[in-house]
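Here's a quick tour for anyone meeting this structure for the first time. Have a look at it, then read on.

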Amino acid sequence: MVNFELFKDAIEMKETDRVPCLSTYMHFPGIYSGKTLAEFTQDKKIFRECFNKVLNDFPSDMLFPTSHEGLRIHERLGLNTPDHSAKQSTIEQEKYDFQFEERKTMEVEDYDFFLQPKVNALQFLTKRIIPRSYGIDLTDRKKIKQISAPFIERAMKNMQSQDFIDLEDDDTLYFKYIEVLKENNYPMYVNGIGIAPFDLLSFLFRGLENLSIDLFRVPEKVDAFCKKWGEFQTMMLIKASNQAREMIQKAMPDWKIDPPGAAIFCERAFSLSPKQFQEFYLPSLNHLAEIFIKNNFRPILIFEQECTHLLEEFKRLPGPNKCSFLVDTTDIKKAKQILGDHMSLIGNVPQNLLIVGTSNQIDKYCKELIEDIGSGGGFILSPALLVPDEAKPENVKTMINSVQKYKPK
Amino acid sequence: MSKNLKNLMVDLNEKEFYVLLRNELKTSDPLDIFNELQKGMTEVGELFEKKEYFLTELIMSGEIFTKAMEIIEPFIKKENLKKKGKIVIGTVHGDLHDIGKNVFISLLRANGYDVEDLGVDVAPEKFLESLNKIQPDFLGLSGLLTLAFEPMKKTIELVKHEYKRNVIIIVGGGHINNEWGEQVGADLYTNNAAKGIKMLNETIRKKKSE
């Protein structure tokens, strides 16, 4: 059963009688009902039935639906090109979603190209990234023009249009989520979406291995790139998020959420030393988070993988009580000690435990989280990132039930 | 043989490292240089394990080692480069991620292993085929996503059933813990590349002392 007030109190660092439980699902509802990925994502009726069944069988206080489809920012930017895109593995296409295939579309010389004062982000995309994504030789100006002209036109149109996020298109998973949430009386808390600018450089342009080497060979260029690109990316994400919020509020007028959440994915911070994080990652991330806050969103920073070594640095993120931290495999006890006064914590029942663990192990893990991390408030129990598609249903149930069974110390 | 070469490698001081490397090649035995590089990589691995170095530093050290090997390898007789063991490695079926695998491979090479990299999204049958052809000491299965659990299990079941020789199976990836490793039936398991190398080295050491 939804308990939004309890969730909101906890996320805003207030002390609560009990710890709320948040569930985030990708395709677990489909797999739980024995459906294929295609059936679950493409058939509206099946999608609703599967989600309704999960919400009935595993009633949590709050729900974050999620999908790789997301707001399809990359498509709207024209980045979903034939070579550079999400791909499916050769097997299990029935069962699993797309995976992002990391490819290098930016050479080290391109830092200098982009960092010229006269070159803007769109020119960088059309003259370097898009041609490479299509496998076009950069000296073939005629072909580059053919590709880049429609891209610029589309990008400019999208950026200026009122329906940058076309959520009226009820075929999108996003819209299907809204329908399911409405039907089950859950609000759509996360209205905004973002990704750390450093991560985009890593994922879309240079790749983690090349970027790691750049940090040693051309550190000043990486720094300047993140700052310049970060400005453009922040502008695009805020525009998309403001439009999404407007649409969600129109679709769910009964829910007045102030401020709504903005999920900011921080997927590559784990790879950095504290000094590198402070120098290269934090400035553009902080800029993004602060602009979200200015636009009345509450950033939920999703730091993937183990970032225990960065916890002291996280104190430099906006706060106190301006952001929340969704914890993956970072040591959550240390996070509580270091950041307990700075931001609320969400997490972190391990995905591997939900798949291979027993109900007893889940119960023990959740008890410790609730009693220790829940103490003093500002904590929401949730899976680390999301309920994995392969989770044992009995483990999901144990996790959700634990918030009724145990109390913070 | 100067110890500075190793130290420059550990400090990831690329510029000074290559200058010194070329100078050392004029006066020192290339095999001694190679041994110094290996010591440097071992120290980087230890720093990673102690959480004093992080993934970017591990990747950079791998880059320096690879480039250094391109320079010194032509000066070393192949028969003098003793290999510790052979490993067939790949990311399991369904998973397209390879960063963890690639980092592990660079550490393997620096530690003197012969590596057959099968790439990503590798079907169980392809692993088996490669085992039969190469007959390695180790089979490495990598996977980042939670979906890697079933393909790892299936691959190990197939290998245990169909492969007639002895091979030690190591699984690695971000989600791997004791339960995961045991339930897929692996001999060794880790979520830390440097620890994985230690496990393999220890296995080789035990094998030799038997």
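## Helix H9 of chain B

A polar contact is a pair of N or O atoms within 3.5 Å; within protein, one must be able to donate a hydrogen and the other to accept it, and residues adjacent in sequence count only if both atoms are side-chain atoms. Helices (H or I, at least four residues) and strands (E, at least two) are DSSP runs, numbered from the N terminus. With that in hand, look at Asn192(B): a side-chain oxygen of Asn192(B) sits 2.9 Å from the backbone nitrogen of Ala194(B), capping the N-terminal end of H9(B).

## How the model is read

This is a predicted model, where local features need pLDDT of at least 70 and side-chain atom pairs count only at pLDDT 80 or more, while totals for chains, interfaces and linings use all residues. Residues are numbered from 1 along each chain as its sequence is written, chains are lettered from A and ligands numbered from 1 in the order in which they are written, and side-chain values use heavy atoms, with hydrogens and water left out.

## The sheet in chain B

In chain B, 5 strands make an open, parallel sheet in the order S2-S1-S3-S4-S5. S2 (113–117) and S5 (188–190) of chain B are the edge strands, each with a single partner, so one side of each has no neighbour in the sheet. Strands pair if DSSP finds at least two bridges between them; S4(B) (residues 168–172) and S5(B) are joined by 3. Val171(B) stands opposite Tyr189(B) in S5(B).
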